Amino acid sequence: MARKSKRMILNEAIRQGQAKIAEGLKTGQMRADNLPAQANPRDNELALDDIAPGRAGFLRSKKKSIIREPLSYKAKLILLSCVAVLVLGIWFVATLINPEPSVPPDSPAASGSLNESDASEEIESVQERMVRETGTEVPLPVVSTGDNVICIQTIALSRKDELAPIAEFFRGKGIETEIIAVSGKAVLVTKVGFEQNPVKKGTDGYKLFQRIKQLGTVYVEETKDTKFGVKPFQDAYGHKR
């Protein structure tokens with residue numbers, strides 16, 4: 001009987017314990033009765049007030065101001081100044097490493113102008129380029145003004161008939177030619193003559209001289225005649241009859 005009574009007491013205790021556990025799970029406040037409640041973060045601030053009541057508010061305000069307050073105008077000005085100095089330093093170093101090329105004060109690029117001979121050469125190069133790209137012929141003189149002619153091609157007198165294809169080629173380009181004998185050689189020359197040696201720059205015949213050399217670069221391509229080299233007429237010269 002005593003044993004049965006003890007068992008009933010034990011079962012009752014187990015039942016009450018299970019009820020408490022179920023109640024704790026239901027309310028979310030399950031803890032042992034002898035354990036202290038969870039500490040409240042606010043208690044730290046209260047403890048700080050107890051230790052240093054005069055400084056607690058000051059420390060809390062400083063902590064918030066450091067995190068939340070924006071930079072002051074003076075701080076922004078100092079920051080911008082530092083950035084400007086850094087950029088200026090980078091530009092200065094880059095200038096020292098890669099300086100701009102200097103132009104002599106007496107050079108054409110510095111003065112912005114070309115002398116007369118340079119200007120004439122520039123005009124001639126433009127004309128030659130126009131001929132190559134557009135096929136437009138350079139205006140050539142048709143009236144003789146002197147006895148200086150341009151010798152285009154020289155060959156043995158016995159082979160003068162071989163100059164006929166060249167003469168036909170230049171006739172098609174608007175340049176009339178003829179064959180004369182010079183020192184026992186047959187020479188194809190221009191019919192038009194000039195007062196001065198036409199191979200000299202600035203003379204009346206210089207443009208015609210340059211035109212003949214330029215046509216020599218396309219002669220083989222157009223005629224398929226390779227007897228006089230890949231680029232003939234490059235050794236053309238002036239001759240006074």
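**View 1. Phe92 is partly exposed, with 48% relative accessibility.** Buried here means under 20% relative accessible area and exposed over 50%, with partly exposed in between (1.4 Å probe, protein chains only). Phe92 lies in helix α4, residues 73-97. Helices are DSSP runs of H or I with at least four residues, strands are runs of E with at least two, and both are numbered from the N terminus. Together with Leu88, Trp91 and Val93, Phe92 forms a nonpolar surface patch with about 450 Å² of accessible area. Patches are built from residues with over 30% relative accessible area and no salt bridge, joining nonpolar side chains (Val, Leu, Ile, Met, Phe, Trp, Tyr) within 5 Å and like charges within 9 Å. A salt bridge puts a side-chain nitrogen of Lys or Arg within 4 Å of a carboxyl oxygen of Asp or Glu. Accessible areas come from the Shrake-Rupley method with a 1.4 Å probe, and for residues only the protein chains shown count as cover. Please keep in mind that this is a predicted model, in which local features need pLDDT of at least 70 and side-chain atom pairs count only at pLDDT 80 or more, while totals for chains, interfaces and linings use all residues. Residues are numbered from 1 along each chain as its sequence is written, and side-chain values use heavy atoms, leaving out hydrogens and water.

**View 2. The whole chain has 9 helices and 4 strands.** Starting at the N terminus, the elements follow the order α-α-α-α-α-α-β-α-β-β-α-α-β. Of the 241 residues, 22% are buried. The accessible surface of the chain is about 18400 Å², and carbon and sulfur atoms contribute 58% of that.

**View 3. An open antiparallel sheet holds 4 strands in the order β2-β3-β1-β4.** β2 (177-182) and β4 (237-240) are the edge strands, each with a single partner, so one side of each has no neighbour in the sheet. From one strand to the next, the twist averages 50°. Axes are lines fitted to C-alpha atoms, for helices over the stretch in contact, and angles between N-to-C directions run from 0 to 180 degrees. Strands count as paired if DSSP finds at least two bridges between them.

**View 4. Cys151 has a bridge partner in β4, Tyr237, and another in β3, Val189.** β1 (residues 148-156) pairs with β4 in the antiparallel sense over 4 bridges. Between β1 and β3, also antiparallel, there are 5 bridges.

**View 5. β2 and β3 form a hairpin with 2 residues between the strands.** The two strands pair antiparallel over 6 bridges, and Glu178 has Val189 as its bridge partner in β3. Take a look at Ser183 in this hairpin, which adopts a positive phi near 55°. β3 is mostly covered, with 5 of its 6 residues buried.

**View 6. Helix α8 (residues 206-216) packs on the sheet, where it touches β1, β3 (185-190) and β4.** The direction of α8 makes about 30° with that of β1. Contact means heavy atoms within 4.5 Å. Because 9 of its 11 residues are buried, α8 is largely enclosed by the rest of the structure. Among these buried residues are Tyr206, Leu208, Phe209 and Ile212.

**View 7. Thr203 sits in the loop between β3 and α8.** Thr203 counts as buried because its relative accessible area is 12%. Leaving aside residues up to four places away in sequence, Thr203 touches Gln196, Asn197 and Pro198.
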